[in-house]
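Have the structure open as you read.

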Amino acid sequence: MDPYTPRTRTGSRKKNLTLSTKEYHKITDTIASVRRNRHYVDEELVEDVDIRVHASRESGRRRRDEPSFEAERSFVRAPLNSRVVSGTGHRDKGKGKAKETSLYGVPVEIQEALVLEDLLFVLMGIEGNHITYHPDYSPDDDDPLNGVRFVVSPSLDPSLRDLVERILPLATYYTAISSFIELRSHLDFGLVNHALCASMRDMLKDYQTLLSQLEHAFNTSAQFTLQKLWFYVHPTLHTLSLLYLLTTDLTTADDPTADLSSASSSSSDAEEDARNEALGLGGAKLKAVLSEIKTTSLGVNGGESGIAVKGGEVLAILHDRMRNMSGDPAARELYGALLRDAGKPYVEMVQAWIRTGKLADPYEELFVKESKFINRGTLEMDYTDEYWERRYTLRDGSTLGGSSKQHQAGVPPPRSAGGRLPGGACIPAVLERWKHKILLAGKYLNVIRECGIEIRRDSGQDDSEDPSMDDERFYKCIEDAYTHANRTLLQLLLRDQQLIPRLRSLKRYFFLSQSSFLTHLLDLSHTELRKPAKAASLVKLQSLLELALNTDAQGEDAMFREDVKVTMAGSGLYEWLLTVVNVSGLEEGDAADGHVHAHESQKKEREKDKDKDDKKQMLAIEALTLDYHVKFPLSLVISRKTILRYQLIFRFLFHLKHVEQSLLSMWIEHKTAPWRRPMRPRGTGTDAGRQTPQPTPPNDWHLEFENWRKRIFLLRTRMLAFVQQILAFTTFEVLEPNWRKLEDKLEAGKVETVDQLLRDHVDFLDTCLKECMLTSSTLLRAYSRLIATCSMFALYYSASLTKAANSAIAAADTPEGDHTKAKRWDLLRKFEIHFDHSCVHLDCVQFYASSENVSLLPLVVRLNSIKSMH
């Protein structure tokens, strides 16, 4: 039979009246028969006792005739609650009765008997005759979670009052705990709160059993005294006080009432209140109703944070109380039992996650969060690594490599009291160091399940085991599940999905380790690549790429070539890299976020510079890049972010290859007659040896033209040497050694986790980008000027220089002479001045090699060899 618990809504008590007349008389007769069997004093005081008992029976009959007795809905739940009064009017009447039944002049033995009778009711939360509610207590206004306060009649003997006042806190604790159980059993508070309330309810059953035994002793034993009652309930007082302190911590973790009352009091205005009262819009009653509605809704929904105290936060509070009360063995045992009981649903959710990869968390109590809008369907259309990074995350926003800004955006704010994260975002202290392994174990299994592979449990796992968070078996289960899931997914990627051959194909196509296909592609698509990027045909370029790949592809090189696609970039390589560096600072290693911000900056720049782009269109040769398509789950490793890094390195190498090929073509062109024809001054020839040699005039045209050609040959040679040295350094001293390290690590089995595999792959690409000088804005600006000078000299001015040489030779025999001499020399000097910035580039490389990047030292040696060619 459930005890009576004071409620905040008195209107709801007067509904659903289902008590029949027969049940009413049956219960009241039972109460009367119990009272008739009581003997309060010895035979010497029979007459006095009869008078007082007669008066007591008369008052009992009057109480049975009161209509409020039938109007109580709680009578159905607590039939012994015959003396409970409701409403302010009945409270006054009850006080009058207490005054009428004053204990002044009553013997101490009778007072003790009357107080004992009242205590048996009060300990269940029911008001007695001589122990009544506190004058300041109001069931309508006071929070039931604070418990009901009782006071003893002042006419009670002081020797008895002291002992009764020691026992009365037990009634306050009991009513507060009962109200807490009733409130937290609501569906919105989650499974952990439900399990905690169930465990508390079992403890209260023991308390109610004790009260029933005490009531039996009171009815049957004449030796039952107040001192004996205190002896029996004293141990229970400590237990219920511990439960009461726990409920207070849980209810005040995010108390909305304090802020609500302060806000309402601060915003009160006397004039505005009077106006609202006159218009019928205000008033104390209306405000009280609105305040109750807000308080109730905030209490369920979690106050300021909007999240109720549930899940991991409840367990964290329990663990903190158990740790703080570790010096009290009874408290430690009590809180330990509550923690085991309340943690059972939590442990079951963790075990289901780490064993099957399924997240069964209907009330968001676990610290693992699922983003259901990210699924495998979106992954196949755009294979980003969002599935891996954002499908399943920790609610506290932490990651294995540190906090991330995109994860921090979804983290709820901490509680105003204590700074603890609310709800499931709060991780119990005992699971703090295991949270990443728990997350990864379920994440691994989830990926395996998405691949259509059945997840089998280990034979060593026993379903009958029910470990708790203080059991070593639970943590051994987490470690075993993490190892099993990690090993299974790694085997799936490395063996079944052929990850290492995939990475080798990426190295071949994007790092140009065997670039014969690129030479064929440039030869076949020479005409198409000269067009603007928007006018070039991707279909034609794709067919030419497939033809070039099929020409020399044999054995392992022929694998996965159908996954390579041609695409066009939206901006120039160096403009794009400078945008990324300026936004995020790739020198500091934050490349991932930089690419995202660079996309946004690039869109804005496209909108602003749209007119400029129309006037100066980028050629297809400058925008050409490759793309690579893979399916799930390889798309977790070869994600869009990693493909973007591969594309940056490919465009860098491709530009170098193209400039090198253009300079070599220029060298071939310089083998033609205008460049190789010998030039002799006048008066020299076959008969010149017979004459006296004449000094060469300083302005002789032939000598000047010869010097001009030699200067062009020297500039071309220096440019070609610069490009070849950069290309050799990039391929042989950056890409190849770093690739060997990654390949050896994968083949030797040194990669133990999938996250380590992802980190090693991204670190490999970031290292290559850094050592290729693509992450430093200073080096990038100096290098981009040099390579642009070489490209313009070889691509755009090769034909112009040949035409100028032919014009100079043709004009040499005319009387007017060569009028283009100044123009020729002016053009040459401009290119020489621009390429002399290589000294600035060399100084920058030397500085970074000595201060930040030691791997650039071999490049310093290579560039110094070019410097000697002046």
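E364 sits in the loop between α14 (329-356) and β3 (368-370). Helices here are DSSP runs of H or I with at least four residues, strands are runs of E with at least two, and both are numbered from the N terminus. The phi angle of E364 is near 55°, a positive value in a residue other than glycine. With 47% relative accessibility, E364 counts as partly exposed. The cut-offs are these: buried means under 20% relative accessible area, exposed means over 50%, and partly exposed is in between, using a 1.4 Å probe and protein chains only.

A word on where these values come from. This is a predicted model, in which local features need pLDDT of at least 70 and side-chain atom pairs count only at pLDDT 80 or more, while totals for chains, interfaces and linings use all residues. Residues are numbered from 1 along each chain as its sequence is written, and side-chain values use heavy atoms, with hydrogens and water left out.

Two further loop positions are worth a look. Q498 lies in the loop between α19 and α20 (499-510). Its phi is near 55°, again a positive value in a residue other than glycine, and Q498 is partly exposed with a relative accessible area of 35%. In the loop between β6 (624-628) and α28 (634-637) you will find P633. The peptide bond leading from F632 to P633 is cis, with omega near 10°.

Now for the overall picture. The protein has 37 helices and six strands. Of its 870 residues, 48% are buried. Contact means heavy atoms within 4.5 Å. Among contacts between residues at least 6 apart in sequence, 77% join residues at least 24 apart.

How do the helices pack? Axes are lines fitted to C-alpha atoms, for helices over the stretch in contact, and angles run from 0 to 180 degrees between N-to-C directions.

| Helix pair | Axis distance and angle |
|---|---|
| α7 (residues 158-184) and α9 (residues 226-251) | 8 Å apart, about 40° |
| α9 and α14 | 10 Å apart, about 55° |

The crossing of α7 and α9 is left-handed, that of α9 and α14 is right-handed, and that of α18 and α19 is left-handed.

Which residues of α18 and α19 make the contact? From α18 they are K437, I438, L440, A441, Y444, L445, V447 and I448, and from α19 they are I478, E479, A481, Y482, A485, N486, T488, L489 and L492. By class, this contact of α18 with α19 has 13 nonpolar, two polar and two charged residues. Here Ala, Val, Leu, Ile, Met, Phe, Trp, Tyr, Cys and Pro count as nonpolar, Asp, Glu, Lys and Arg as charged, and the others, Gly among them, as polar.

R449 is also found in helix α18. This arginine is partly exposed, at 30% relative accessible area. Leaving out residues up to four places away in sequence, R449 touches T356, G357, K358 and I455. R449 and K358 are 91 residues apart in sequence and 9.3 Å apart in space, C-alpha to C-alpha.

Over in helix α9 is T236, which counts as buried at 16% relative accessibility. Beyond residues up to four places away in sequence, T236 touches L170, Y207 and L210. Where α9 meets α14, H238, T239, L242, L243, L245 and L246 come up against A330, A331, L334, Y335 and L338.

Of its 214 residues, L338, Y346, F652 and W708 touch the most other members. The largest share, 18 residues, comes from helix α31 (residues 701-747). Such a core is a set of buried Ala, Val, Leu, Ile, Met, Phe, Trp, Tyr and Cys residues joined through side-chain atoms within 4.5 Å.

Conventions: Left-handed = near helix turned anticlockwise from the far one by under 90°.
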